[in-house]
Amino acid sequence: MSEKTVAIAFGGGGARGLAHIWIMEALDELGITPVALSGCSIGALAAASYGSGMTGADLRRYVLDLFGNRGEVLSRLWQNRPKSFSELFASPNPVGNWVQFDPEWLAEAFLPPDIKSDFSEFLMPVSMSASNYFTGEEVVFRSGKVMTAMAASMAIPALFRPVLFEGEVLIDGGCVNPMPIDHVRPHADIIIAVDVVGVPQKPADGKVGSFEMGFGATQILMQTIQREKMRHDKVDLLVQPLISSFRPLDFLKANDILAVSEPCKDEVKRSLSILMEA
């Protein structure tokens with residue numbers, strides 16, 4: 001294998017992002033250690049796991065053990081519920097919190113204990129994308145507390161409370177940079193980008209609820225942003241796992257998502273081997 005360096009941009013897409021695991025496993029099996037990682041939303045979680053030294057196989061085992069136990073998942077979610085009416089309607093930040101989940105608490109409750117607590121502890125440079133709600137600008141995390149950065153990056157409006165950081169209100173990075181290629185562009189010879197956004201799928205009965213429609217609209221927005229960005233910033237290897245039939249919150253279908261998306265591992269191994277030797 002050549003001495004070319006590799007960096008990965010992990011995109012956002014909810015449960016579809018479990019397919020990121022196969023990209024990690026592909027590099028592990030090729031014996032390639034990325035020199036930089038970036039991520040948005042679920043991609044930020046992938047970047048944090050990989051940057052902490054977890055292998056793809058480690059993360060796959062953790063995900064299947066956790067999401068294969070429906071009772072355990074529901075128990076952890078139940079612990080994050082509002083405990084009283086006063087908490088239910090409390091509004092400690094400028095856009096309120098209503099019945100939304102606390103993303104930082106959720107990250108701490110569901111993420112592997114192996115994840116480092118501070119960016120300075122990562123084994124290679126890691127960056128995460130979030131959005132400033134009131135300015136519309138991207139906020140890039142490269143230092144500080146990892147859980148805060150991940151919480152901000154995954155704070156999907158209507159599902160999660162916004163994150164207050166240094167006086168600013170932050171929401172899901174997918175609103176501005178759903179696949180942060182530009183974060184890692186300066187660091188490596190070969191850039192891999194993983195697109196797990198997908199598009200809304202029409203239900204069998206043709207009915208779409210308002211909550212589902214909100215997620216679908218976000219998907220369309222993210223796809224539009226990604227297409228426009230990639231017109232100006234080409235990547236060496238774009239990976240698009242076959243996960244379009246799954247919804248963003250289908251985490252309890254982790255086994256199915258991984259089974260359907262597994263072929264992308266060999267695709268990455270073949271394509272990356274050619275790029276490394278070119």
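**Exercise 1. The largest cavity**

What volume does the largest cavity have? Keep in mind that you are working with a predicted model. Then find out which residues line the largest cavity.

*Solution.* Start with the volume: the largest cavity comes to about 120 Å³. The count of cavities of 30 Å³ or more is one.

Next, collect the lining. Gly13, Gly14, Arg16 and Ser41 belong to it, and so do Ile156, Asp172, Val197, Phe215, Thr218, Gln219, Met222 and Pro248.

Now sort these residues by type: five are nonpolar, five are polar and two are charged. Finally, ask which element gives the largest share of this lining; helix 9 (residues 210-232) does, with four residues.

**Exercise 2. Aromatic pairs**

Work out how Phe119 and Phe122 are arranged as an aromatic pair.

*Solution.* Begin with the total, which is five aromatic pairs. For Phe119 and Phe122, the ring centres are 5.4 Å apart, and a pair needs centres within 6.5 Å. The planes make an angle of 85 degrees, so the pair is edge-to-face, the class for angles over 60 degrees.

Then check accessibility, where buried means under 20%. Phe119 is buried because its relative accessibility is 6%. Phe122 is buried too, at 9%.

**Exercise 3. The surroundings of Ser131**

Is Ser131 buried or exposed, and which residues does Ser131 touch?

*Solution.* First place the residue: Ser131 sits in strand 3 (residues 126-132). Its relative accessible area is 2%, so Ser131 is buried.

Now list its contacts, leaving out residues up to four places away in sequence. Ser131 touches Glu137, Val169, Leu170, Ile171, Asp172, Gly173, Cys175 and Val176. One of these, Asp172, also lines the largest cavity.

**Exercise 4. Cysteines**

How many disulfides does the structure hold?

*Solution.* The answer is zero disulfides.

Repeat the test for Cys264, which is in no disulfide either; the nearest cysteine sulfur, that of Cys40, is 19 Å away.

To finish, compare accessibility with the cut-off. Cys40 is buried, with a relative accessible area of 0%, and Cys264 is buried at 4%.

How values were computed. Residues are numbered from 1 along each chain as its sequence is written. This is a predicted model: local features need pLDDT of at least 70, side-chain atom pairs count only at pLDDT 80 or more; totals for chains, interfaces and linings use all residues. Side-chain values use heavy atoms; hydrogens and water are left out. Rings of Phe, Tyr and Trp (its six-membered ring) pair if their centres lie within 6.5 Å; planes under 30 degrees apart count as stacked, over 60 as edge-to-face and the rest as tilted. Buried means under 20% relative accessible area, exposed over 50%, partly exposed in between (1.4 Å probe, protein chains only). On a 1 Å grid over the protein atoms alone, a cavity is a set of points where a 1.4 Å probe fits but cannot get out, and a pocket is an open set with protein on both sides within 12 Å along at least five of seven lines; lining residues have an atom within 4 Å of a point. Grid points are joined across faces, edges and corners, and a volume is the space filled by probe spheres set on the points. Helices (H or I, at least four residues) and strands (E, at least two) are DSSP runs, numbered from the N terminus. Ala, Val, Leu, Ile, Met, Phe, Trp, Tyr, Cys and Pro count as nonpolar, Asp, Glu, Lys and Arg as charged, and the others, Gly among them, as polar. Contact means heavy atoms within 4.5 Å. A disulfide is a pair of cysteine sulfur atoms within 2.5 Å.
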